[in-house]
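Colleague: Please take a close look at the aromatic pairing in this model, and then at the surroundings that go with it.

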Amino acid sequence: MRPATVTAAAVTTLVGAGAAAVAAGRYAGGVALRVPSDRPLPGESRLTVHATAAGQISLTRDLTSLRPGTWGLAGPGGVHAVVGPVLEDVEHSADTVVRRLERVTGGTLDTGARVRITPQLHTGDPASALGLEYRDETVPGELGPLPAWLVPALRSTWVIAVHGLGTTRAHTMNLMDFWHRMRLPVLAPAYRGDPGAPRPRGGLGHLGDSEWRDLDAAIRHAMASGAERVVLHGWSTGAAMALHAADRSELREVIGGLVLDSPVLDWETTLRALAGARRVPAALLPLAVRAAKGTTGVHGDRLAEAAAPDGLSVPTLVFHGPGDRVAPWSFSRDLAARRPDLVTLHTVRDAPHAAMWNADPARYEENLRRFLVSLV
């Protein structure tokens with residue numbers, strides 16, 4: 001074969017391999033960021049229901065089913081239930097664990113059903129789930145109208161609660177009774193990609209990089225509805241959205257404080273974790289990061305700037321722990337160490353991503369109460 005022919009063949013092979021790599025990277029990035037995602041996050045393994053009895057449920061024994069605290073159970077066909085602590089003094093086989101069954105809120109927990117643990121305790125709305133008076137609101141968002149719940153109360157400082165990865169705004173109901181007891185109005189908006197909200201451009205989530213503008217719209221809506229100040233309480237990407245808003249919003253001066261639960265503080269690390277959890281081969285992870293940046297226009301340095309210690313200007317309470325496999329706790333630990341004047345970190349052990357409250361609700365709420373009392 002002539003040298004020119006060999007060179008041409010080699011170039012063609014390289015171009016083909018490069019195109020294949022780009023395509024694979026785009027696929028991997030899309031798998032990690034597609035909206036909505038119906039796959040569990042890392043740590044949310046599937047469990048089998050072995051038996052139920054009055055106030056009890058027997059589940060497959062593993063680290064997930066042994067977690068301390070209060071959790072939701074979700075399964076196909078609208079199955080949803082709430083389970084409490086492990087019942088150590090109840091007879092069970094070596095491969096099962098028995099937990100207290102608090103209530104079944106949807107479907108039927110049949111023997112053999114496959115379920116997963118979720119931090120989301122409630123379904124429905126604040127009235128049907130909690131008996132709280134609320135109003136359905138519409139927030140004018142950048143891409144279109146955003147549904148929201150408003151639970152009214154007496155204070156002029158409002159909480160704007162923003163869910164994160166793997167959940168919906170129903171996750172915010174975990175704390176609505178608590179906020180209501182503190183007489184704090186709560187606005188819980190959906191954002192792009194959520195049920196009832198506009199789809200993001202390209203159908204991919206941006207881990208808060210664009211979604212924060214929907215939170216910005218919610219701040220405007222709250223101020224137009226009577227709020228004088230707001231506290232932003234975000235889980236996961238909702239926490240990243242709160243940081244972006246505190247750094248970039250034209251209304252950032254009305255933000256009195258931030259509560260960050262399992263915050264996504266490093267975009268690339270979380271993208272890699274999501275892609276890996278969704279079975280993207282390790283060799284494709286660097287390509288997934290590059291492709292996601294190119295496809296979505298996301299720049300990790302914007303999040304780094306928003307979460308930079310020198311950029312923080314309001315009191316910030318962080319709940320996070322070393323069991324988080326999606327948003328590493330080390331970033332929160334470093335942030336708190338560098339800004340002890342503004343940032344308080346409460347380390348939560350034995351809790352996966354965005355489930356710090358579930359592991360120890362009483363301790364979480366007491367720390368949150370102390371923080372909020374200083375702001376309202």
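Modeller: Phe319 and Tyr364 are both buried, where buried means under 20% relative accessible area, exposed over 50% and partly exposed in between, with a 1.4 Å probe and protein chains only. This is a predicted model, in which local features need pLDDT of at least 70, side-chain atom pairs count only at pLDDT 80 or more, and totals for chains, interfaces and linings use all residues. Residues are numbered from 1 along each chain as its sequence is written, and side-chain values use heavy atoms, with hydrogens and water left out.

A search of the whole structure finds one aromatic pair. Phe319 and Tyr364 make up this pair, which is stacked, at 3.8 Å centre to centre with 15° between the planes. Rings of Phe, Tyr and Trp (its six-membered ring) pair if their centres lie within 6.5 Å; planes under 30 degrees apart count as stacked, over 60 as edge-to-face and the rest as tilted. Phe319 belongs to strand S13 (residues 316-320) and Tyr364 to helix H11 (residues 361-373), so the pair ties together parts 45 residues apart in sequence. Helices (H or I, at least four residues) and strands (E, at least two) are DSSP runs, numbered from the N terminus.

Arg349 lies over the face of Trp329, at 5.7 Å from the ring centre, and Arg67 over that of Trp71, at 5.3 Å. The criterion is NZ of Lys or CZ of Arg within 6 Å of the ring centre and within 35 degrees of the ring normal.

Trp71 is in turn among the contacts of Pro119 (heavy atoms within 4.5 Å). Pro119 lies in the loop between strand S6 (114-118) and helix H2 (126-130), and is buried, with a relative accessible area of 6%.

Methods. Lists of a residue's contacts leave out its neighbours within four places in sequence.
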